[in-house]
Amino acid sequence: MEQRQMVESMFENLHNEVGQNVELLTWWNGRLLKSNGILSEVNDYEKICVGGVYYPFIDYAKAIFYVRSDKGMLYL
């Protein structure tokens, strides 16, 4: 699978899990933070909202490392 297809598949997986509980690991100002909550919004290539908090896919000193649900890894 080429890289573009992998990325599109990850975003599709995220969209399919809106309304479900997810776990995410993020880099936040040089520290790894694990969070859990309901995935309520997905803005491709920009950010997601989990538990009422917006997490950018990548930004200055912030990035999502992974997002997973009961169905497995959604984004890595």
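**Entry 1: S69 and its partners**

I began with the side chains of S69 and E17, which a polar contact of 3.4 Å joins. I keep in mind that this is a predicted model. S69 sits in strand 6. Is S69 buried or exposed? It counts as buried, because its relative accessibility is 11% and the cut-off for buried is under 20%.

Next I looked at the backbone around S69. A polar atom of the S69 side chain lies 3.1 Å from the backbone nitrogen of K71. Then I listed what S69 touches, leaving aside neighbours within four places in sequence: E17, N21, V22 and L74.

**Entry 2: E17 and K71**

Both E17 and K71 came up around S69, so I looked them up as a pair. E17 forms a salt bridge with K71, and their closest N and O atoms are 3.1 Å apart. Where do the two residues of this pair lie? E17 is in the loop between helix 1 and strand 1 (21–28), while K71 is in the loop between strand 6 and strand 7. The two are 54 residues apart, and the pair links distant parts of the chain.

I also checked how covered each one is. E17 counts as buried at 5% relative accessibility. K71, in contrast, is exposed, with a relative accessible area of 71%.

**Entry 3: the other salt bridges I followed**

How many salt bridges does a search of the whole structure find? It finds four.

The side chains of E23 and R68 meet in a salt bridge of 2.8 Å, N to O. This pair ties together parts that are 45 residues apart in sequence, because E23 lies in strand 1 and R68 in strand 6. E23 counts as buried at 16% relative accessibility, whereas R68 is partly exposed at 34%.

In the salt bridge of E46 with K47, the closest N and O atoms are 3.9 Å apart. E46 counts as partly exposed at 44% relative accessibility. K47 is partly exposed too, with a relative accessible area of 25%.

**Entry 4: S35**

I turned to another serine, S35, which lies in strand 2. A polar contact of 3.4 Å joins its side chain to that of Y55. S35 counts as buried, because its relative accessibility is 17%. Which residues does S35 touch, not counting those up to four places away in sequence? They are V22, E23, L24 and Y55.

Most residues other than glycine have a negative phi.

Y45 has a phi near 65°, a positive value in a residue other than glycine. Its place is in the loop between strand 2 (31–43) and strand 3 (47–50). Y45 is exposed, with a relative accessible area of 61%.

A61 also has a positive phi, of about 65°, although it is not a glycine. Where is A61 found? It is in the loop between strand 5 (58–59) and strand 6 (62–69). A61 is partly exposed, with a relative accessible area of 34%.

**Entry 5: a patch on the surface**

Which residues make the nonpolar surface patch of about 510 Å²? I found W27, L32, F65, M73 and L76. M73 counts as partly exposed because its relative accessibility is 41%.

**Entry 6: Q5 and a distance**

Q5 is found in helix 1 (residues 3–16). It is partly exposed, with a relative accessible area of 42%. I took the distance from Q5 to N36, which is 31 residues away along the chain: their C-alpha atoms are separated by 27 Å.

**Entry 7: the whole protein**

Last, I stepped back. The protein has one helix and seven strands, and from the N terminus on the elements run α-β-β-β-β-β-β-β. The radius of gyration is 12 Å, close to the 11 Å that the globule rule gives for 76 residues, so the protein is as compact as a globular protein of that length. Its C-alpha atoms fill a box of roughly 30 × 25 × 20 Å along the principal axes.

Buried residues make up 34% of the 76 residues. The protein exposes about 5100 Å², and carbon and sulfur atoms supply 49% of that area. Among contacts between residues at least 6 apart in sequence, 43% join residues at least 24 apart.

Technical notes. Residues numbered from 1 in each chain as written. Predicted model: local features only at pLDDT ≥ 70, side-chain atom pairs only at ≥ 80, totals over all residues. Heavy atoms only, no water. Patch = residues over 30% accessible without salt bridge, like charges linked within 9 Å, V, L, I, M, F, W, Y side chains within 5 Å. Areas by Shrake-Rupley, 256 points an atom, 1.4 Å probe, with all protein chains shown as cover. Buried < 20%, exposed > 50% of the residue type's maximum accessible area, 1.4 Å probe, protein only. Helix = DSSP H or I, 4+ residues; strand = E, 2+ residues; numbered from the N terminus. Rg over C-alpha atoms; globule rule 2.2 N^0.38 Å. Contact = heavy atoms within 4.5 Å. Polar contact = N/O pair within 3.5 Å; in protein donor to acceptor, adjacent residues only side chain to side chain.
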